[in-house]
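Me: I would like to go through the packing and the charged pairs of a model. Could you put it up?

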Amino acid sequence: MYIIQYYMFNIYDIRRKKMSYHEKKSIAMIVSSVLIFAVYALVLYQKYNNGEFLNADPLRLGAVVLLLLIPLQIVSKIITMILFTIGGAIKVQGDPDIPIEDERDKLVEQKAMNIAFYIFGIGFLLALAALALAWPLRVAFLLLFGTLFGSDIGSGIAQFRYYRRGF
Amino acid sequence: MGKSLVSNNIRLLRFQNGEMTQQQLADKAGVTRQTIIAIESAKYSPSLELAFRLAKAFNVKLEDVFTYDSEEKK
């Protein structure tokens with residue numbers, strides 16, 4: 001009887017297992033990052049096609065493009081978080097899965113941030129290598145732009161993976 | 001990302017403590033239910049402080065909750 005009761009107790013726990021708040025948040029962050037980068041790249045591409053960058057200094061243009069991307073990323077993350085929290089609060093009324101941050105969340109965040117730094121660090125080194133090899137300046141900036149995007153996505157995927165599979 | 005060498009009896013202890021839910025234990029230890037799930041399935045080794053808080057939640061000694069499976073034992 002005791003064994004059956006314990007077995008049923010385990011089954012109940014397994015059935016309760018669903019995607020956590022943090023896993024959903026990681027996915028929302030990845031989606032928002034992809035959207036922001038796609039929209040930003042599209043706007044830049046249209047401006048380029050319209051010939052708006054023809055007379056621009058490539059060094060200054062690259063710097064402005066990258067500098068504008070950082071506040072855009074921050075604002076998009078804040079908006080996503082607000083929308084996600086509001087949406088979550090409406091949808092999961094009464095759900096005991098309270099989104100508090102504990103030691104594991106901090107560790108996951110730290111590990112994900114490390115991965116983001118690694119990706120961007122590699123991109124920075126590649127951009128320097130491109131400049132050292134006297135490749136066009138746009139290659140270096142494209143590498144920086146690409147790895148900035150990659151680091152954002154990479155950290156989101158890592159966060160999701162750590163929450164899903166553990167570490 | 002494999003299983004940790006620290007194993008635990010949390011599931012059994014929850015069962016023995018009036019079929020305590022993961023959420024109830026999480027509330028007692030001051031962590032999220034997801035952290036309890038991760039510890040239970042040996043996907044995460046808690047800090048020493050949290051390990052003591054978990055033991056206190058069950059009113060048992062730390063070694064009754066966690067055991068270290070050293071490589072030599074395998």
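This is a predicted model: local features need pLDDT of at least 70, side-chain atom pairs count only at pLDDT 80 or more; totals for chains, interfaces and linings use all residues.

Me: How many residues has the largest nonpolar core?

Reply: The largest nonpolar core has 25 residues. Such a core is a set of buried Ala, Val, Leu, Ile, Met, Phe, Trp, Tyr and Cys residues joined through side-chain atoms within 4.5 Å. Buried means under 20% relative accessible area, exposed over 50%, and partly exposed in between, with a 1.4 Å probe and protein chains only. Those with the most contacts inside this core include B:I10, B:I39, B:L54 and B:F66.

Me: Which helices supply at least two residues each?

Reply: In chain A they are α4 (103-132) and α5 (137-165), and in chain B α1 (10-16), α2 (22-29), α3 (33-40) and α4 (48-58). Helices (H or I, at least four residues) and strands (E, at least two) are DSSP runs, numbered from the N terminus. α4(B) gives the most to this core, with 6 residues.

Me: What does B:I39 touch?

Reply: Not counting residues up to four places away in sequence, B:I39 touches B:N8, B:I10, B:Y44, B:P46, B:L50, B:L54 and B:F66. Contact here means heavy atoms within 4.5 Å.

Me: Back to α4(B): which residues are buried there?

Reply: B:L50, B:A51, B:L54, B:A55, B:A57 and B:F58 are buried in α4(B). They cover an arc of only 155° around the axis, so they are on the same side of α4(B). The arc is that of the directions from the helix axis to the C-beta atoms. On the other side of α4(B), B:L48, B:E49 and B:K56 are exposed.

Me: And what covers the buried residues?

Reply: The cover includes α4 of chain A, together with α1, α2, α3, α5 (62-65) and β2 (66-68) of chain B. Just after α4(B), B:N59 takes a positive phi of about 60°.

Me: Changing topic, how many salt bridges are there over all chains?

Reply: The count comes to 6 salt bridges over all chains, each being a side-chain nitrogen of Lys or Arg within 4 Å of a carboxyl oxygen of Asp or Glu. One of them joins the side chains of B:R14 and B:E40 (2.6 Å, N to O). B:R14 lies in helix α1 of chain B and B:E40 in helix α3 of chain B, so the pair ties together parts that are 26 residues apart in sequence.

Me: Are B:R14 and B:E40 buried or exposed?

Reply: Both B:R14 and B:E40 are buried. Together with B:R11, they are linked in a network of salt bridges.

Me: Which residue does A:K77 meet in a salt bridge?

Reply: The side chain of A:K77 meets that of A:D152 (3.1 Å, N to O). A:K77 is in helix α3 (residues 58-91) of chain A and A:D152 in helix α5 of chain A, 75 residues apart. A:K77 is partly exposed at 28% relative accessibility, whereas A:D152 is buried at 11%.

Me: Finally, how many helices and strands does chain A have?

Reply: Chain A has 5 helices and 0 strands. Buried residues make up 32% of its 167 residues.

Methods. Residues are numbered from 1 along each chain as its sequence is written. Chains are lettered from A and ligands numbered from 1 in the order in which they are written. Side-chain values use heavy atoms; hydrogens and water are left out.
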